[in-house]
Amino acid sequence: MPTMAATQKESSDQNFDYMFKLLIIGNSSVGKTSFLFRYADDSFTSAFVSTVGIDFKVKTVYKNDKRIKLQIWDTAGQERYRTITTAYYRGAMGFILMYDITNEESFSCVQDWSTQIKTYSWDNAQVILAGNKCDMEEERVVSVDSGRMLAEQLGFEFFETSAKDNVNVKQTFERLVDLICDKMSDSLETDPAVTTGTPNARLTDNPPPLQHPNCGC
C-alpha cells in the first residue's frame with residue numbers, strides 16, 4: 001500500500017526537494033480551470049472552454065527552505081471522461097473538490113466526488129472543499145453554512161473562493177500543501193526539515209535568500 005513517503009525526494013532531480021501531485025475535481029463549469037490559471041499564472045478569462053480529459057500545470061513553492069514542486073491536475077467534470085480522470089487519483093496527495101455556489105446540482109454532487117476520492121485515491125490524501133464563484137453573490141443558491149456543514153460531515157476543510165476576484169485562491173492551495181506536510185510528518189522516512197523546520201513557517205513563492213556566512217557586508 002503506497003504511503004505519503006512515496007513522494008520522498010528524488011536524488012535524480014535536483015530541481016526540487018519534493019513533488020506533490022494535486023487534483024482539482026468537481027462538476028463541469030464550476031471553475032476548475034479558471035481556478036488553476038489564477039493560481040499558476042495569475043490570469044483570468046471569462047471565456048468558458050470545457051476541459052477535454054485532463055491537463056496540468058506546475059508551480060514551485062518554498063516551505064522551510066525546501067523547494068516543493070506542485071503538479072496540479074485540472075480534470076474534466078463530464079461523466080464521459082470519468083474513467084480517464086479517476087486513473088489519475090491514485091498518486092494524488094491532495095484534492096480541491098470544487099462546486100459552484102450558484103449551481104445547486106454541483107453542490108449535490110460533492111458527496112459523489114468524495115466517494116470517488118475514497119475509492120480511487122490513497123487513504124491519507126488530503127481534501128479541501130471549495131465553493132467557487134463567491135463573487136456572484138446575487139446568484140448564490142448554496143449558503144456558506146451549507147458548504148461548511150457538508151465539509152465538516154466529510155472531514156474536509158472549507159473555503160469559499162473566486163477565481164475571478166482572486167479570493168482565497170492562493171490560501172486554498174497553501175492550506176492544502178500545509179495539510180500534506182502535516183501528514184508527511186507522520187512518516188519516519190520524511191525529511192523533517194519540511195515539516196518541523198521553522199514553527200508555523202509560511203509557504204512562499206520566493207526561494208530562500210542565499211547565505212553568505214563569510215560575507216563582511
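Student: Is Lys63 buried or exposed?

Tutor: Start with the term. Buried means under 20% relative accessible area, exposed means over 50%, and partly exposed lies in between, with a 1.4 Å probe and protein chains only. Lys63 has a relative accessible area of 8%, so Lys63 is buried. Keep in mind that this is a predicted model, where local features need pLDDT of at least 70, side-chain atom pairs count only at pLDDT 80 or more, and totals for chains, interfaces and linings use all residues. Residues are numbered from 1 along each chain as its sequence is written, and side-chain values use heavy atoms, with hydrogens and water left out.

Student: Where does Lys63 sit, and what does its side chain contact?

Tutor: Elements first. Helices (H or I, at least four residues) and strands (E, at least two) are DSSP runs, numbered from the N terminus. Lys63 belongs to strand E2, residues 54–63. Now the contact. A polar contact is a pair of N or O atoms within 3.5 Å; within protein, one must be able to donate a hydrogen and the other to accept it, and residues adjacent in sequence count only if both atoms are side-chain atoms. The side chains of Lys63 and Asp178 make such a contact, at 3.0 Å.

Student: How many helices and strands are there, and in what order do they run?

Tutor: There are 7 helices and 6 strands. From the N terminus, the order is β-α-β-β-α-β-α-α-β-α-β-α-α. Of the 217 residues in the protein, 47% are buried.

Student: Which strands does E1 join, and in which sense do they run?

Tutor: E1 and E3 run parallel, joined by 7 bridges. Tyr18 has Ile68 in E3 as its bridge partner. E1 also runs parallel to strand E4 (residues 94–100), with 5 bridges. There, Gly26 stands opposite Met98.

Student: What lies 2.8 Å from the backbone oxygen of Ile24?

Tutor: A polar atom of the side chain of Thr75. Thr75 is in strand E3, residues 66–75. Thr75 is buried, at a relative accessible area of 1%.

Student: How do I read the two faces of a strand such as E5?

Tutor: In a regular strand, side chains alternate between the two faces of the sheet. In E5, Gln126, Ile128, Ala130 and Asn132 are buried on one side, and Val127, Leu129 and Gly131 are buried on the other. With 7 of its 7 residues buried, E5 is largely enclosed by the rest of the structure.

Student: Which strands pair with E5?

Tutor: E4 pairs with E5 in the parallel sense over 7 bridges, and Tyr99 stands opposite Gly131. E6 also runs parallel to E5, over 4 bridges. In that pairing, Ala130 faces Phe159 of E6.

Student: What follows E6?

Tutor: A loop containing Ser162 lies between strand E6 (157–160) and helix H6 (169–184). Ser162 is buried, with a relative accessible area of 0%. Ser162 and Cys134 are 28 residues apart in sequence, while their C-alpha atoms are 5.4 Å apart in space.

Student: Now a helix. Which residues of H1 are buried?

Tutor: H1 covers residues 32–41, and its buried residues are Lys32, Phe35, Leu36, Arg38 and Tyr39. They cover an arc of only 160° around the axis, which puts them on the same side of H1. The arc is that of the directions from the helix axis to the C-beta atoms. Just after H1, Asp42 takes a positive phi of about 50°.

Student: What arc do the buried residues of H4 span?

Tutor: In H4, Val110, Trp113, Ser114, Gln116 and Ile117 are buried. Seen down the axis, they fall within an arc of 155°, so they line one face of the helix. Asp112 is also in H4. Asp112 has 49% relative accessibility, so Asp112 counts as partly exposed.

Student: Last one. Which residues lie nearest the centre of the second largest pocket?

Tutor: Asp123, Ala125, Gln126, Val127 and Phe156, out of 13 lining residues. Helix H4 (110–120) and strand E5 (126–132) are the elements giving two or more residues to that lining.

Key
1 Å grid on protein atoms, 1.4 Å probe; cavity = no way out; pocket = protein on both sides within 12 Å on 5 of 7 lines; lining within 4 Å. Pairing = 2+ DSSP bridges.
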